[in-house]
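I opened my notebook to look around a new structure, one topic at a time. Here is where I started.

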Amino acid sequence: MIIVNCKAYREVEGAGALTIARACEAVAEETGAHLAICPPIVETSAVATAVKIPVLAQNVDPYAPGSATGWVTPAMVKACGCLGTLINHSEHKVPVKAVEECVELALGSNLITVVCADTVQTATAVAHCSPDFIAVEPPELIGGNVSVTAANPRIVESTVEAVKEVNHSIHVLCGAGVKTGRDVAAALDLGADGVLLASGVVKAKDPQQVLRDLVSGL
Ligand code: G3P
């Protein structure tokens, strides 16, 4: 599984998000690889309507439908065509209690949950919330050119170990600095089930070419 997080880069404002999503869709169709996209929240509906690959929200808030002005409920994310959601990204951290509430509400809306963790300790704590995926990303490597798999392979192995000890059915992803097929292959060798990445694709001159290379590591 390769999940491309668009974040809030200039490149994905307006129609840019759909361009990246279409590149992911084209490579998924071409190779049969599992690619998913996280557009900016305001573009999720447009992207989910236009592409067949899984679309995940970048975040949801722990609110049920109703009096929740400005918050993004799991139910509305589901209704606009998302298959799942990120929760607790390093750039959008919430307390473990809120992670638990988001996972529960997301489950009630049949959304796949990908909870991010910045350390092995956080990964262990959020594993008790039973998400579908946990993505470990050391914040200091995010957006950089050195992959977590090279800079800190131990955090990937330790997260896989710690998470599986709590709940064997949770899949583990890793991210931060992932840019190439070699990084993806290294992630799988370390026991991860895939990667979560952003800048390598979103800021690439030719996103499709980068995606093809990434997929070659699966
Ligand atoms: O959500 C993905 C992320 O935080 C990693 O970002 O740019 O290092 O691939 P990047």
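**Entry 1: terms and ground rules.** I count a polar contact as a pair of N or O atoms within 3.5 Å; within protein, one must be able to donate a hydrogen and the other to accept it, and residues adjacent in sequence count only if both atoms are side-chain atoms. I noted that this is a predicted model, where local features need pLDDT of at least 70 and side-chain atom pairs count only at pLDDT 80 or more, while totals for chains, interfaces and linings use all residues. Residues are numbered from 1 along each chain as its sequence is written, and side-chain values use heavy atoms, with hydrogens and water left out.

**Entry 2: Asp118.** I looked up which side chains Asp118 touches. Lys93 is joined to Asp118 by a side-chain polar contact of 2.5 Å, and the side chain of Thr122 makes a polar contact of 2.9 Å with that of Asp118. I found Asp118 in the loop between β5 and α5. My helices (H or I, at least four residues) and strands (E, at least two) are DSSP runs, numbered from the N terminus. Is Asp118 buried or exposed? Asp118 counts as buried because its relative accessibility is 14%; buried means under 20% relative accessible area, exposed over 50%, and partly exposed in between (1.4 Å probe, protein chains only).

**Entry 3: the sheet.** I traced an open sheet of eight strands with parallel pairing, in the order β2-β1-β8-β7-β6-β5-β4-β3. The edge strands are β2 (35-38) and β3 (56-57); each has a single partner strand, so one side of each is left without a neighbour in the sheet. Two strands pair if DSSP finds at least two bridges between them. A reminder to myself: strands of a sheet pair through backbone hydrogen bonds, either parallel or antiparallel.

**Entry 4: around β6.** I followed strand β5 (residues 112-117) to β6, which runs parallel to β5 and is joined to it by four bridges. Ala117 has Val136 of β6 as its bridge partner. Four bridges also link β6 with strand β7 (residues 171-175), again in the parallel sense, and Ile134 stands opposite Val172 in β7. Next, β7 pairs in parallel with strand β8 (residues 194-197) over three bridges; there, Gly175 has Leu196 as its bridge partner.

Which residues of β6 are buried on each side? In β6 (residues 133-136), Phe133 and Ala135 are buried on one side, and Ile134 and Val136 are buried on the other.

**Entry 5: Ala187.** I found Ala187 in helix α8 (residues 181-189). Ala187 is buried, because its relative accessible area is 0%. From Ala187 to Glu25 I noted 162 residues in sequence and 22 Å in space, C-alpha to C-alpha.

**Entry 6: the lining of the largest cavity.** I looked up its residue classes and found seven nonpolar, six polar and three charged residues. Here Ala, Val, Leu, Ile, Met, Phe, Trp, Tyr, Cys and Pro count as nonpolar, Asp, Glu, Lys and Arg as charged, and the others, Gly among them, as polar.
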